[in-house]
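Hello! Here are a few notes to read alongside the model. Please keep the picture open as you go through them.

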Amino acid sequence: MSPREAEKIRSVTLLGASGSGKTSLAEALLFAAGATHRLGSVDEGSSHLDQDPEEIKRRISLSSKLQSLDWDGHRLYLADTPGFPDFLGEAVAPLALLDAAVIVVDATVGVDVATRELFEQALALKKPLLFFINKMDKERADFDRALASIRELSRHAHPMALPLGQGESFRGVLDLIDGRVFTYEKGQAVEGPVPEAEKERFQQNQKLLIEEIAETDEALFERLAGGEILKKADVLPRLIQDIEDEEILPVLVGSSKPPQGIRLLLDTLTHLILAPDRLPPKEGKNPSGEFESRNPHLAESVSAQVFKIVSDPGVGDIFFLKIISGTLRHGADLLNPRSGSTERMGHLFNFRGKERLEVNEASLGEVVGVAKLKSTRLGDTLTDPGRPIAYDPPVFPEPTISVVLHPKTRQDQEKLGMALGKLTTHDPTFHFHVDPETSETVVSGLGEVHLEVVHERLRSRYGVEVTLGKPQVPYRETVTRKVKVQGKYKKQSGGHGQYGDVWLEVEPLPLGGGFEFVDAIKGGVIPSKYIPAVEEGVKAAMLKGTLAGYPVVDLKVTLCDGTFHSVDSSDLAFQIAGSMALKKGEEEAKPILLEPILHVEVSTPPEFVGAITNDLTARRGKIVGMRQEKERHVVEGEAPMSELFKYSTDLRSLTHGAGHHRMEFIRYEPLPPQHYAKVEKRV
């Protein structure tokens, strides 16, 4: 396709709850456009899109898939995204970068919590939106109920198509704009006129749609009020602008298998969505940090943004770029402002079904894959070195659950870091770190299934065998009363011996007070050169408390007395003596365990507030605040870390997927003695 035809480019993200049939719909779109020669099936494991073994086994999409197809002289780029909550991070970047979104709604379910969340995200990004009521052929399909649930999201939602029947009687789709009926007969989509029996229904609903369009245009409204009968040519330009302005959210209808209403959806996407060269300029920053923008013109300097990275066994990592301005050509050298490096654009290609098609250039609005970029990561901008600009990367959800990985062998341990690094490159919602206190490898994700998939990919892709475990809670120890103790180290083994003798006062500091060491030696009973060794010994002993082996905190230690030997005393002897005294002091000063307390903030629809507060209270937590943000309530609480393992999973169950949360450490508090038995002692 010539870069002069940018007005013929469209890019769309498919969104929807898990099970709504997004991938099946994408398969139907590819098949209807002739991009594939058979209709792939998720249930039968023959999908052109879900080819990962874990996707086939679980029958859900785990990552977004990018496809291209041609329809009626237009090029359409399509991103099929996961709907399962653990993998919704995969929808963030395509939604942020592509030009429009189709929200797929299951006709048997209607709008559920996940669909509402996706709608709000798309709305916040000001994306033109269409709804597609899918699965009209299924038992219990109900178009009116599904439409009513969509209208609860927005009063701007209006049907542009009606189903002919539903459930077992579903036989086609009625187009309210062009007055066409689409049916599917003998494996082919058939277009025909409105049947006589449907004409009254068609006229009534078309009149309502035209009135809605005319209400957003004063001239059209006056013509309609004057009794004029408006036709398609009169309202179409206004309808296109209304969709762009979100004044009208079209609702289409159909099924993926058999593919009903698919041609009408393709027509709508290619003819009613604004071309990329009519979109507003995109703002970024130049190297000086000043705001600049790039107009969506072919004549502009080239700029593109990475919104997806996939690993291909044949070519390595493939980086998907959305062209924001200008034209990208094979062999071009583009600057990555974040890394400061220049990247050579090697072979460019599109995906079509399971094929990879090479292209020489890609223009404004297009989506293209390129391999072998060296210093680029997800969200980065690639730009003309002579006129650089950097766009803000998409904002991804933060992980909500963590587990520990235990490599099975030394070889697995050696390969683990590299494998985890690769996984984080492709998935920004997956994090890992090595706990400095326990040396455990802690991995974090958006849910249990997310981490299960990571576990399987470590084995299947990188040959790393690990087991999953619960992260250790970083308890602390402290003392509750003041004591005075002696630590005396004396060793004689021929020749010079070892001698160090100290008296320490050990007492608690307020919670969060840290550590304080006081030198109160008088008269030189311990030479000053040995004082630092005593403090070093005390600090070493504090790393592992006597109660359960956890670090000792909030402690004041005063070195108040002692003796030395002119020949046998040494730094080592006084270090050991200081350590001995501290251990003895902790034992005598009534030690207690401290547990980490987290601040928990939960955003939820109002109907789940009671369940959330009761659940936090049951976790030994307390509610410290509550506020309202638009239609959601935010519950603020505090709870022990030990009670919040897998909280994201439990919250999802409590709120049917509608609740979101974030947690952060705030302080340590004494652990109630009745819970000491649950604390695993550190060896």
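**Notes on strand 37 and its surroundings**

1. Let's begin with a pair of strands: strand 36 (residues 622–629) and strand 37 run antiparallel and are joined by seven bridges. Strands here are DSSP runs (E, at least two residues), as helices are (H or I, at least four), numbered from the N terminus; two strands pair if DSSP finds at least two bridges between them. Across this pair, Q628 stands opposite H633 in strand 37. In the hairpin of the two strands, with two residues between them, K630 takes a positive phi near 55 degrees.

2. A word on the source: this is a predicted model, where local features need pLDDT of at least 70, side-chain atom pairs count only at pLDDT 80 or more, and totals for chains, interfaces and linings use all residues. Residues are numbered from 1 along each chain as its sequence is written, and side-chain values use heavy atoms, with hydrogens and water left out.

3. Strand 37 has another partner: strand 35 (residues 592–604) pairs with strand 37 in the antiparallel sense over eight bridges. Here L598 stands opposite A639.

4. Strand 37 (residues 632–640) is largely enclosed by the rest of the structure, because nine of its nine residues are buried (under 20% relative accessible area, 1.4 Å probe, protein chains only). One side carries R632, V634, E636, E638 and P640, and the other H633, V635, G637 and A639, all buried.

5. Now zoom out. The protein chain has 15 helices and 38 strands, and buried residues make up 53% of its 683 residues. Its C-alpha atoms fill a box of roughly 110 × 55 × 50 Å along the principal axes.

Technical notes:
Buried < 20%, exposed > 50% of the residue type's maximum accessible area, 1.4 Å probe, protein only.
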